[in-house]
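User: Hi! I have a structure open and would like to talk it through with you. Could you help me find my way around?

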Amino acid sequence: MKQAPRSGERLLPITDAERQARVRLAACYRIFDYLGWTELIFNHITLRVPGPETIFLINPFGLHYREVTASNLVAVDLQGRPVRPTDYPVNLAGFVTHSAIHGAIEAAHCVMHTHTTTGSAVACLEEGLSHDSFYGAQLHGRVAYHVFEGVTVNPDEQARMIASIGDKRVVILRNHGLLTWGETLEEAFMWLWLLQRACDIQVAAAQTGRLRRLPAHVLAQTHLEAAGRQPETCKAAFDALVRQLDRVDTSYRD
Ligand SMILES: [Zn+2]
């Protein structure tokens, strides 16, 4: 049975911009799977559809990221209500974190959240992310932390979370997981990739020996040099992954 859209409202047409956003986002879900960044049927990547309407695309709740396609992504409003009839439910509780960021930060067109093992492990550490690796150093001064208050984010916590995030695009949800946002999907992805790599290396290094600390002036220099946020670099990196995906499975485009 199809879930009804908001009553009494006109059916929004799917624009070319939305079609393109759907294909790009579906590719992103498959790339997360390719990278091992999935969590059963949980977690979300949300993307605002370009245009005058405030519409976001989100994964259908109940499907694995490997099953996400351009056409089964659900278009929702800021409250997580489908804007068109859909065969799939939306995980409203999961969307609350994303909608808080989309709603409060105008530039946040894409929000990504993961529970990877090393990401969650670093999120559980009192000292948080180490900046003493090639990737960690690039994130120096760029990471916000928000304390864990429980599984369900209520409206009060939404405001506290937004205050915790401030202007940072890289967020560690303490005792929980990782989150990034960007003006584009490719930017959010690059921040998350940097953060994930930093977590992987931090956890691996901690198992091996004592971390060698980087001096403050090197961290400051690396912060300035970090190239991850340049749009052309973000797009090139993501395009490279899409090409790998297209070699093995193009069903995400359906
Ligand atoms: Zn989570």
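User: Which helix does S120 lie in?
Analyst: S120 lies in helix α3, which covers residues 117-123. Helices here are DSSP runs of H or I with at least four residues, strands are runs of E with at least two, and both are numbered from the N terminus. One caution: this is a predicted model, where local features need pLDDT of at least 70, side-chain atom pairs count only at pLDDT 80 or more, and totals for chains, interfaces and linings use all residues. Residues are numbered from 1 along each chain as its sequence is written, and side-chain values use heavy atoms, with hydrogens and water left out.

User: Thanks! Is S120 buried or exposed?
Analyst: S120 is buried, because its relative accessible area is 15% (buried means under 20%, exposed over 50%, and partly exposed in between, with a 1.4 Å probe and protein chains only).

User: And what is S120 in contact with?
Analyst: Leaving aside neighbours within four places in sequence, S120 is in contact with H115, H176 and G177. Contact means heavy atoms within 4.5 Å.

User: Where does N175 lie?
Analyst: N175 is in the loop between β6 (170-173) and β7 (177-182). Its phi is near 60 degrees, a positive value in a residue other than glycine. N175 counts as partly exposed, at 47% relative accessibility.

User: What about N43, what is its phi?
Analyst: Phi of N43 is near 75 degrees, again a positive value in a residue other than glycine. N43 sits in the loop between α1 (16-35) and β1 (45-48), and with a relative accessible area of 5% it is buried.

User: Let's switch to G80. Which residues does it touch?
Analyst: Not counting residues up to four places away in sequence, G80 touches V90, L92 and F95. G80 lies in the loop between β3 (74-76) and α2 (92-104) and counts as buried, at 3% relative accessibility.

User: What separates the C-alpha atoms of G80 and G141?
Analyst: Those two C-alpha atoms are separated by 32 Å, and the residues are 61 apart along the chain.

User: Now the rings. How many aromatic pairs does the structure hold?
Analyst: Ten aromatic pairs. One of them is F32 with W37, an edge-to-face pair at 4.9 Å centre to centre and 80 degrees between the planes. Rings of Phe, Tyr and Trp (its six-membered ring) pair if their centres lie within 6.5 Å; planes under 30 degrees apart count as stacked, over 60 as edge-to-face and the rest as tilted. Both F32 and W37 are buried.

User: Which aromatic cluster are they in?
Analyst: F32 and W37 form one aromatic cluster with Y29, Y65, F189 and F238.

User: And F134 with Y135, what kind of pair is that?
Analyst: That pair is edge-to-face, 5.2 Å centre to centre with 85 degrees between the planes. F134 is exposed, with a relative accessible area of 60%, whereas Y135 counts as buried at 17%.

User: Last topic, the whole protein. How many helices and strands are there?
Analyst: There are eight helices and seven strands. The C-alpha trace spans about 60 × 45 × 30 Å along its principal axes. Of the 254 residues, 47% count as buried.

User: What share of contacts joins residues at least 24 apart?
Analyst: It is 68%, among contacts between residues at least 6 apart in sequence.
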